Structures are given as C-alpha cells and as structure tokens.
Amino acid sequence: EKFLQSILPTHIASEVRNDIRKAIKDINRLRMTQKPFNKLYVEKHKNVSILYADIVNSMLLAASLKVSDLVATLNDLFGRFDDAAEKNGCMRIKLLGDCYYCVSGIIDKSPRHADNSVVTGLAMIDIIRSVREKRNINVDMRIGIHTGNILGGLLGLRKWQFDIWSKDVTIASHMEQGGVPGQVHITQTTKDLLQDDWYDIQPGDGHLRDAYLQTHEIKTYLIKPADQPKSRLGTPESDKVSNGVRFQRQSSTQSNCRANISKLQKRQSSSDFLPMSRRGAIGYSLHQYRKMVSQVNKIMENTIDKMALSKRDQWFSRVGIHPLLLTFRESGNEKPYLNQPDPLFKHYLTSMLIIYLGITIIHVLIWSSTLEFWTTYGFVLLLIIAACVFAWVGYIWLYLKKDDNDIVLNSSVLRISRTVWKTTGLRVTIWLTISSMILFCSIVGLNECLDSSFFQPFHPHNHTHVNVTLISDNTKVPNCEYPWFYTLSAALAMTTTSVFLRIHFLLKLVVNGVSLAAYWYIIDVRSEEVFRQQAAKFADWEEFDLPTDHSHCYYLTFVLLILHILDRQVEYICRLDYLMKVKLKAEQEEARTMELINRILLHNILPPHVSRFYLNKQLEEDSQKSRERCAVAVLFASIPSFADFYYEDGQNEEGLRCIQLLNEIICDFDLILGEREFQAVEKIKTIGSTYMAACGLQAQDKGSLQTEENPTENVVTLVKFAVNMMERLGELNKDAMQDFQLRVGISVGPVMAGVVGTVKPQYDIWGDTVNVASRMESTGISGRIQVTKEVADLLSASESPFKCECRGEIFVKGKGELTTYLLKTPYDEPYIQITVF
C-alpha cells in the first residue's frame with residue numbers, strides 16, 4: 001500500500017482503484033460495458049512549478065564505473081534527490097536516464113511552490129558536488145525551472161507512471177537544456193513568484209543557449225548557490241510547514257547550514273521504502289510482526305469494548321437492529337438471516353427429548369398411568385425420537401461407517417441430516433409440531449380430576465375437595481391433591497420452546513402465549529376446585545394474599561416473561577452476531593479486493609519479477625534487484641508530428657483532448673502486449689509521445705517460450721511488435737482522421753535492469769544498448785524502423801520474413817558514424833529510396 005502511494009498520487013490511485021473495483025464487480029456479474037474511449041486519468045493543475053534536472057557529464061560517470069556500480073550510484077543519487085524533493089514539498093514525476101524532473105504545487109497547493117522548487121534545485125547541486133568530490137569526477141547538475149499550468153496523470157493500460165504534459169512542461173525542459181551547470185535556471189514567471197529574498201539572482205540569457213527560448217522570447221535568470229545562503233535548506237531555525245503554511249526565514253551561519261544540508265543528503269534509514277536487507281531482514285521482519293500484532297490486539301480490544309451487548313445498547317443504540325421487533329433496519333438482511341442453516345438443530349432436539357423424558361417421569365411417579373397417558377406420551381416420544389434420528393443419522397453414519405468407498409450411500413445418508421438443518425421451513429415445522437404436543441402432554445391427566453372433559457360444556461358444582469376416588473369398575477384415577485405438579489410440568493413444557501435458539505423469538509412468544517391462555521382457562525375456569533384446595537397453595541406467595549388458582553396463573557405468566565426476556569436477548573445477540581459476520585465478510589471481501597487491486601496495480605507498474613519482490617517481501621540483496629541481461633532488444637517508437645498536433649485553447653480543454661487521443665494510441669499499443677506472441681515484450685515507460693519497450697528482460701523460466709539468452713528470438717519478437725504498432729496506428733488514423741507516423745529505433749545488446757529511487761521506486765534499464773536504441777529513433781525517418789547492424793545481421797540470419805535496407809552511415813551523438821539499416825514493412829513510405837541490403 002505504501003509502495004503504491006509512493007508511485008501514484010493519492011487522488012489518482014483512489015480513482016484507479018474504484019474503477020478496477022467496479023470492473024471486478026462487473027466481471028463477477030457477467031456484465032461488461034463497452035465504452036467508445038478508454039478512461040483518461042488526467043487532471044488539470046494550475047499554477048505549479050516544474051523542475052527539470054540533468055546530470056552534466058554523466059558519460060564520465062558511466063565510463064568510470066561498471067554498469068552495476070553505475071546503477072547503484074544512480075540509485076543512491078536519485079534517492080537523495082527524492083529525499084530533498086519530498087522535504088521541500090516537490091513530487092518527483094519520472095526518471096529519464098540521468099534526467100530527473102519533479103513538480104511543486106500538485107499535492108499541497110502551496111503558494112511557495114516556486115521557492116520549494118528553487119530550494120530543491122540548490123539541494124540537488126549540493127548533493128552532486130558531494131559525488132564529484134568523493135569520486136573525483138567532473139559531474140554537475142544543470143537545472144531548469146518554469147511555473148505554469150500542466151496536465152498530470154496516467155496514459156495507457158500498462159506500466160503506469162505518473163507524467164505531466166503542457167507547453168509549460170516543454171518550456172521547463174528547454175530551461176534545463178539552456179541552463180548552466182551548477183546553477184538554477186528560472187523563467188521570469190518563476191522569479192515573480194519567489195517569496196524569499198536571499199537568492200543570488202543574475203540575468204540568465206537562456207535565449208543565447210537554446211533556440212526554443214529565443215523563439216518564444218522567454219526571459220530567464222540564473223540562481224547561484226551561495227557559500228553562506230540565508231536559506232532554510234533544512235536548518236533547525238527554519239519552520240517548513242506543508243500545505244501552504246508560510247516558511248519563516250531565518251539567517252544561519254555557514255557551519256549550521258552545512259551541517260543541516262548534510263542531514264538533507266542522508267538517506268532515510270528508517271524509511272519503509274528502503275530495501276529490507278539494509279536494516280537487517282530478521283530485525284525488520286520481527287519489528288513489523290510485533291507492530292502488526294500490537295495494532296491487531298488494540299483494534300480487537302476497541303471493537304469488543306464498543307460492541308452493543310447491554311440492554312441499554314439494545315434499546316438505544318443504532319446498530320442496525322430495531323429495538324422493539326428486533327428486525328434489521330436494512331430489510332435486505334432479514335431473509336438471508338432467517339434462511340441460515342442451523343447445524344445445532346440436532347442438539348436442540350436432544351435437549352427437548354431430555355426435558356420431555358423428565359416430564360414423563362414426573363407423571364409416571366406422581367400420577368397413575370392411564371391408557372390416555374400412555375397413548376399420548378408414547379406418540380409424542382416416538383415423534384421426538386424420529387426427529388432426532390433424522391437430524392443425527394448422517395453424523396452417526398459418518399462415525400460408524402465401515403466402507404468409505406460407498407459414495408452413493410454416504411451422500412444419501414448425509415443428505416437427510418443436512419436437509420433438516422439447512423431447511424428453515426422444515427425446522428420450524430418440526431419445532432412447532434413437537435412443542436405443541438409437549439405443551440398438550442403437560443396437562444394430560446388433569447381432566448381425570450374434573451367431572452367433565454376440557455372440551456365438554458362446563459357445569460359448576462359445589463365440590464370442596466377432590467381426593468382419590470373409585471369409579472364403578474374400581475379403576476384408580478389420578479391423585480389430584482398436588483396440582484402444582486401440573487403447573488411445574490407446564491413450565492417445563494414452555495421451556496422446551498426456548499431451547500431452540502434460532503427460532504424467531506416472536507414465534508416462541510406466540511406459542512407460549514397461546515399455551516398460557518389455555519392454562520389460564522383450564523386453571524381459572526374449568527379446574528377451580530382442583531386448584532383452590534389447600535395443597536395447591538404456594539407458600540412463598542401467601543403474603544400477597546392471592547387466590548390459590550390465580551397464583552398458578554401468575555406463576556406461569558412470570559415464567560413466560562422470563563423466557564421471553566431470555567429469548568429477546570438471545571435473538572438480539574444472534575442478530576448482532578450476524579451483523580458482525582456480515583460486516584466481517586464485507587471487510588474481508590474488501591481486503592481481498594484491495595489486495596487484488598494492489599496486485600493488479602503493482603503488476604501494471606513493475607515487471608512481474610520485480611513486483612514479486614514487493615508482494616512477497618523477499619529478502620534479496622540490492623544487487624539482486626539490479627540484474628544485467630546479455631541480449632536484450634530495446635525499442636523506442638515516437639510520433640514526431642504529435643508535438644505539432646498538440647495545442648492548448650479553451651476549445652480542446654487546454655490540451656486535454658489532444659492528450660485523450662495520445663492515450664488512445666498508447667492504449668492500442670498496450671493491447672498488443674496482451675497477445676501471446678508478445679508476452680516476452682516488456683513496456684518500460686512512455687516519454688511524451690515516445691513509447692519504450694524491451695524484449696528479453698524476463699527471468700529465464702523452465703518451459704519459457706522466449707528467454708533473454710536468445711538474441712535472435714528477442715529481436716524478431718520486438719520487430720513484429722513494432723510492425724503491429726504501425727498497423728494499429730494506421731487503423732486509428734482512419735478513425736481519428738489523422739496522419740500520424742511512427743519513427744522506430746531498435747538496438748540489441750547487454751543492459752542493466754533494476755529499480756532506482758527511494759521514495760518513488762521506478763523500474764528502468766540502462767546501458768549503451770539503450771542509448772543506441774534512443775539514437776536510432778531520434779535519427780530515424782517517420783514511418784520507418786531504423787535498426788543497428790547487429791539487429792540487421794540477426795534478422796538476415798534468421799528465418800524471419802523481415803528484410804533490411806542499408807541506409808548508410810549517419811552521425812550518432814556519443815558514437816560517431818554508425819551504419820544503420822531500415823526494415824521493409826508494408827507501412828513504408830513509397831518515396832524513400834534506400835540501397836537494398
């Protein structure tokens with residue numbers, strides 16, 4: 001997460017994440033929408049300062065170091081630049097070889113963006129001086145700064161890198177090219193926005209060194225680093241505050257200034273972006289683990305403390321549950337909650353069976369056993385046992401089965417039990433039937449104490465006492481001297497309804513309420529003589545002076561209230577637990593989605609073998625992150641006429657429509673990379689309208705179709721890729737009614753590939769092969785592919801259909817005269833005559 005935040009601005013990363021999340025949801029719903037244009041992640045930024053910095057005489061640095069040492073040096077140097085830029089409110093945009101450019105005013109919108117850029121430039125000059133003194137090499141920094149408006153964002157579909165475009169960006173680039181080594185070159189616009197007055201500003205005369213500045217009549221100035229600057233380059237007296245807060249200007253002595261500049265140059269040893277091996281892999285991992293455990297424990301403690309478990313929370317907190325009916329405030333949760341499977345249903349049935357056996361034993365011991373008793377109790381007992389058998393049979397079968405291979409029988413037996421605890425309607429039917437029967441059984445035998453059945457017309461009588469009687473056939477009827485046994489059996493029967501925790505509490509209330517009404521009718525109306533005798537009195541309630549029969553009714557009413565309160569609490573806890581699970585599931589899904597999004601973004605920014613380093617936290621050495629490849633084909637492809645096509649006015653939204661078209665072109669090029677035959681091609685970056693790619697960078701895997709050790713295969717693959725780029729551009733020209741032409745340069749040879757930068761790591765490749773490929777493009781011809789002699793020799797020796805034409809010798813900066821070749825493709829301009837090779 002931190003790594004992604006270091007590469008992409010927060011607002012851009014958030015927008016990209018939201019779009020990826022929406023795309024994932026659409027894929028899951030099998031609903032894909034086709035849009036006429038690709039999404040453009042580009043925004044306008046007004047009144048910002050752009051800094052371009054280039055290492056002067058970097059070739060001397062490259063000549064004095066091995067490629068691996070050069071990459072390590074650049075990594076250290078750009079890391080210091082990143083630190084300086086970050087501390088001064090600048091955001092690094094991109095690295096272009098030995099060129100570094102950043103912008104101030106995009107994120108923090110500080111009114112001091114011009115000062116921030118100048119101070120960053122002066123810090124860079126001081127940093128490069130330390131390298132010059134340490135290695136005794138005549139290198140320096142040439143820095144150009146201009147203030148204006150930009151378009152910033154991402155282009156294409158792959159290998160995203162935040163970039164900026166506008167005429168003001170072009171001016172800043174030419175300010176660097178027309179600058180003086182060791183000084184900061186600024187425009188009049190930037191000078192007018194400077195708020196500090198300690199700078200040593202001199203006329204720049206940039207128009208004498210750069211034709212673009214002369215053509216556009218841009219007045220420039222030079223700022224020289226002072227030996228004793230009245231600056232705040234990291235001094236303790238300074239009060240640098242981001243987000244536009246003023247800097248307090250304080251003078252400082254030379255010693256204090258130098259001491260604090262040295263602090264500015266130090267790498268952030270505690271930074272999370274430094275390779276883990278630098279801080280000790282084991283110690284770092286241990287520290288991160290302890291930190292994570294501490295954070296998780298604190299989050300869990302806070303979450304548990306905030307859980308709405310009390311009665312007060314139940315009635316007054318808004319946790320998503322209605323306080324009276326205990327229904328979800330979001331109606332969409334109600335049906336899934338009620339349809340949840342209940343794997344504990346078999347245990348509830350077992351508990352019900354135990355309670356029922358207790359009631360049965362009470363009736364057998366206290367009262368005489370009649371035919372009606374045995375018939376009723378026996379039927380209900382068989383019904384409960386049958387329900388238990390169906391609920392338990394699958395689990396008992398799994399425990400006792402002998403043949404594990406009988407899949408049909410095993411699945412059939414298990415299906416019976418699973419049907420019981422997975423089907424809500426079946427569970428409710430079983431519960432309602434058995435509970436009603438048990439409630440009925442609890443008062444079976446009471447009618448023997450009455451003169452008439454419960455359901456026969458009642459005739460009042462004046463009996464004052466009911467005792468053991470003998471009927472004409474000398475059959476002994478139940479003893480009715482202790483009617484409290486009936487009441488307590490009824491209370492046990494009511495308890496059985498509450499054993500089932502997943503049955504809705506309102507259903508339990510209705511069943512128990514109907515039972516209480518029936519008991520009240522029987523006790524208070526039909527059995528008044530039975531329940532008014534002396535044995536029916538409840539000693540603990542004598543002080544209330546209640547009628548004897550009413551005390552039985554009040555007792556059962558009290559039991560009902562207690563059970564209802566318990567049922568409500570259980571229902572509330574179950575629903576709260578469900579909400580917590582729903583929330584946890586949503587958070588887990590969000591975490592998985594975020595992980596997937598971050599992986600997609602990371603793989604879209606870095607090559608697979610590099611992104612695995614950050615995703616898996618592999619403890620590799622820095623040298624392993626920068627690897628030398630022996631035979632890599634490198635491509636540069638530009639659209640030279642795009643600079644003339646680009647313009648800024650209100651009609652095209654200050655250049656945004658032009659960038660939209662460029663985005664479509666690059667997206668089409670990126671789509672080619674998804675084809676199977678171009679899986680070995682790696683997009684490196686885009687530089688304005690220039691597309692950079694390479695073939696042969698991926699690690700050699702077992703069974704790989706293409707490897708970096710096969711230069712011929714790499715060259716042929718990259719040439720095919722270039723031809724496909726020309727084809728796609730031709731199709732887009734027809735749709736956009738344009739006449740863009742590609743100018744392509746290809747070279748092959750060894751390169752060094754790796755990640756540079758501390759705060760904003762960036763994957764790049766370096767080496768003479770890269771420089772030559774760039775020169776092949778810049779000295780090439782629009783609409784043609786120019787290659788080196790090595791590439792032409794590999795193509796001619798292969799069985800590829802591509803033929804080369806010798807262009808002759810051309811001058812290449814840094815290489816002198818080189819013989820180059822042009823490939824023959826179906827998209828060549830017919831009027832160019834070249835000697836056939």
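**Helices and strands, one at a time**

Mentor: Start with helix α24, residues 656–673. At 1.5 Å a residue, its 18 residues should span 26 Å, and its end C-alpha atoms are 26 Å apart, so the two agree. Keep in mind that this is a predicted model.

Trainee: Is α24 mostly covered or mostly open?

Mentor: Mostly covered. Of its 18 residues, 16 are buried.

Trainee: New topic. Which residues does UniProt list as "transmembrane region"?

Mentor: The unreviewed UniProt entry lists 348–367, 379–400, 425–446 and 506–523.

Trainee: What is the chain doing over 379–400, helix or strand?

Mentor: Helix. The span is 100% helix and 0% strand. Its end C-alpha atoms lie 29 Å apart.

Trainee: And how far apart are the ends of 506–523?

Mentor: The end C-alpha atoms there are 25 Å apart. Residues 506–523 are 100% helix, with 0% strand.

Trainee: Let's pick a residue. Where does Ser435 lie?

Mentor: In helix α16, which covers residues 424–441.

Trainee: Buried or exposed?

Mentor: Ser435 is buried. Its relative accessible area is 0%, and the cut-off for buried is under 20%.

Trainee: What does Ser435 touch?

Mentor: Met352 and Thr497, leaving out residues up to four places away in sequence.

Trainee: How do α13 and α16 sit against each other?

Mentor: Helix α13 is residues 345–366. The axes of α13 and α16 come within 11 Å and cross at roughly 10°.

Trainee: Why call α13 and α16 roughly parallel?

Mentor: Angles under 35 degrees count as roughly parallel. The crossing is roughly 10°, so α13 and α16 qualify.

Trainee: Which residues make the contact?

Mentor: From α13: Phe345, Leu349, Met352, Tyr356, Ile359 and His363. From α16: Arg427, Ile430, Ile434, Ser435, Ile438 and Cys441. Ser435 is on that list, and Met352 is one of the residues it touches.

Trainee: What does β1 do with β4, parallel or antiparallel?

Mentor: Antiparallel. Strand β1, residues 41–56, is joined to β4 by 14 bridges. Val42 stands opposite Gly153 in β4.

Trainee: How many bridges join β4 to β6?

Mentor: Three, and those strands run parallel. Strand β6 is residues 184–187. Gly144 stands opposite His185 in β6.

Trainee: And which way do β4 and β5 run?

Mentor: Antiparallel, joined by three bridges. Strand β5 is residues 163–165. There, Ile164 is the bridge partner of Gly152.

Trainee: Next strand. How many residues of β12 are buried?

Mentor: 13 of its 14. Strand β12 runs over residues 743–756 and is mostly covered.

Trainee: How does β9 join β12?

Mentor: By ten bridges, antiparallel. Strand β9 is residues 627–638. Glu628 stands opposite Met752 in β12.

Trainee: What is the partner of Met752 in β13?

Mentor: Trp766. Strand β13, residues 762–766, pairs with β12 in the antiparallel sense over five bridges.

Trainee: And in which sense does β14 pair with β12?

Mentor: Parallel, over three bridges. Strand β14 is residues 785–788. Gly745 stands opposite Gln786 in β14.

Definitions and conventions: Residues are numbered from 1 along each chain as its sequence is written. This is a predicted model: local features need pLDDT of at least 70, side-chain atom pairs count only at pLDDT 80 or more; totals for chains, interfaces and linings use all residues. Side-chain values use heavy atoms; hydrogens and water are left out. UniProt positions are given in the numbering used here, feature names are shortened, and annotations may be inferred rather than shown by experiment. Helices (H or I, at least four residues) and strands (E, at least two) are DSSP runs, numbered from the N terminus. Buried means under 20% relative accessible area, exposed over 50%, partly exposed in between (1.4 Å probe, protein chains only). Contact means heavy atoms within 4.5 Å. Two strands pair if DSSP finds at least two bridges between them. The expected span of a helix is 1.5 Å times one less than its number of residues. Axes are lines fitted to C-alpha atoms, for helices over the stretch in contact, and angles run from 0 to 180 degrees between N-to-C directions. Angles under 35 degrees count as roughly parallel, over 145 as roughly antiparallel, 65 to 115 as roughly perpendicular and the rest as oblique.
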